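The sequence and coordinates are shown below.

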Amino acid sequence: MNDARAPETWHAALHRLQRDGIPHVLATQVTSEGSTPREPGARMVITADAIFDTLGGGTFEWQTIAAARARLAKQHYGISLEAFSLGGRSGQCCGGFVNILLEAFPGPAAHIAIFGAGHVGREIVNLSAPLPWQLEWYDNRHGAFDQRYQRQARLNCHVLEEAALSVAELAPQTHALVLTYTHDEDYALIKALIERSDVASIGLIGSDSKWVSFQSRLKREGYTAEQIQRVRCPIGQIHVAKDVAKLNNKTPYAIALTVVTELLYLTDAPASQEHRGLDAQALRMLFTDSPTTTS
């Protein structure tokens, strides 16, 4: 593991890591009592294999790094407070006391695979750009992805050579959208996707009649009703109460809007009630004139 400090400043690294959806921790010194290496406001950013900036070095900094990486490894995101007596827990001779606030940020909120770089696919990618999703985009046509897509954050462009191979490389719990320019490619992808039980959701673009035809073919080939029912077709239908509101506007942008809206609901995880910030009483004690110290 490379612990060398990277040349980026902590704020440049923070911006890049949040833009690219890479898990990381922002460590901020929030209190300082007695002799300490740095003053409140000092910050550093920590990832699983890199460190940006410093809190002053020494054992307590490495303990801070270890605590941050432990949170990343356990996927414990949110904020927590670490207390260091520089001479007790940290084995340093400064004799001071610091509190370090750790803010752990996750990676992408969801993984989305888009098969097809046609008009609708491009609009879905454009609309998804500001969202905290990792996009994997596939198409078998030469030159399907222009330069601006090559530079877009949290977006990887792939050549779609064989449906089964491309589906096999997807991360578990990926939400897949199938909207290529041929029915044969769509069908091959649907077959490969429903054979993976760990795909989070499967959406297929097309008419009701297209889906009826696909269902008949899948049944003839021995796929179960449970496997077939995992597919949503047409994608992007908005469910209002018990009814389905069908969209009359068939422009690529309008269809993409409904698809992204549907994905927002599918990827929206309930907020955990276990960790909702720091304890208010602990904070009041922390910021009084005589903070309680621990060794």
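In which sense do strand 6 and strand 7 pair, and over how many bridges? In this predicted model, strand 6 (residues 110-115) and strand 7 (residues 133-139) run in the parallel sense and are joined over 6 bridges. Within this pairing, Phe115 has Tyr138 of strand 7 as its bridge partner.

Both strands belong to an open sheet of 6 strands, whose order is 8-7-6-9-10-11 with parallel pairing. The edges are formed by strand 8 (155-159) and strand 11 (231-232); each has a single partner strand, so one side of each is left without a neighbour in the sheet. Helix 9 (residues 252-267) lies across strand 6, strand 7, strand 9 (175-178), strand 10 (201-204) and strand 11. Relative to strand 9, helix 9 runs at about 160°.

For the protein as a whole, the secondary structure comprises 10 helices and 13 strands. Of its 295 residues, 42% are buried. Among contacts with a separation of 6 or more, 60% are between residues 24 or more positions apart.

| Residue | Relative accessible area | Class |
|---|---|---|
| Cys157 | 23% | partly exposed |
| Cys233 | 13% | buried |

Cys233 counts as buried because its 13% relative accessibility falls under the 20% limit. With a disulfide taken as a pair of cysteine sulfur atoms within 2.5 Å, the count comes to 0 disulfides.

Terms used
Residues are numbered from 1 along each chain as its sequence is written. This is a predicted model: local features need pLDDT of at least 70, side-chain atom pairs count only at pLDDT 80 or more; totals for chains, interfaces and linings use all residues. Side-chain values use heavy atoms; hydrogens and water are left out. Buried means under 20% relative accessible area, exposed over 50%, partly exposed in between (1.4 Å probe, protein chains only). Helices (H or I, at least four residues) and strands (E, at least two) are DSSP runs, numbered from the N terminus. Contact means heavy atoms within 4.5 Å. Two strands pair if DSSP finds at least two bridges between them. Axes are lines fitted to C-alpha atoms, for helices over the stretch in contact, and angles run from 0 to 180 degrees between N-to-C directions.
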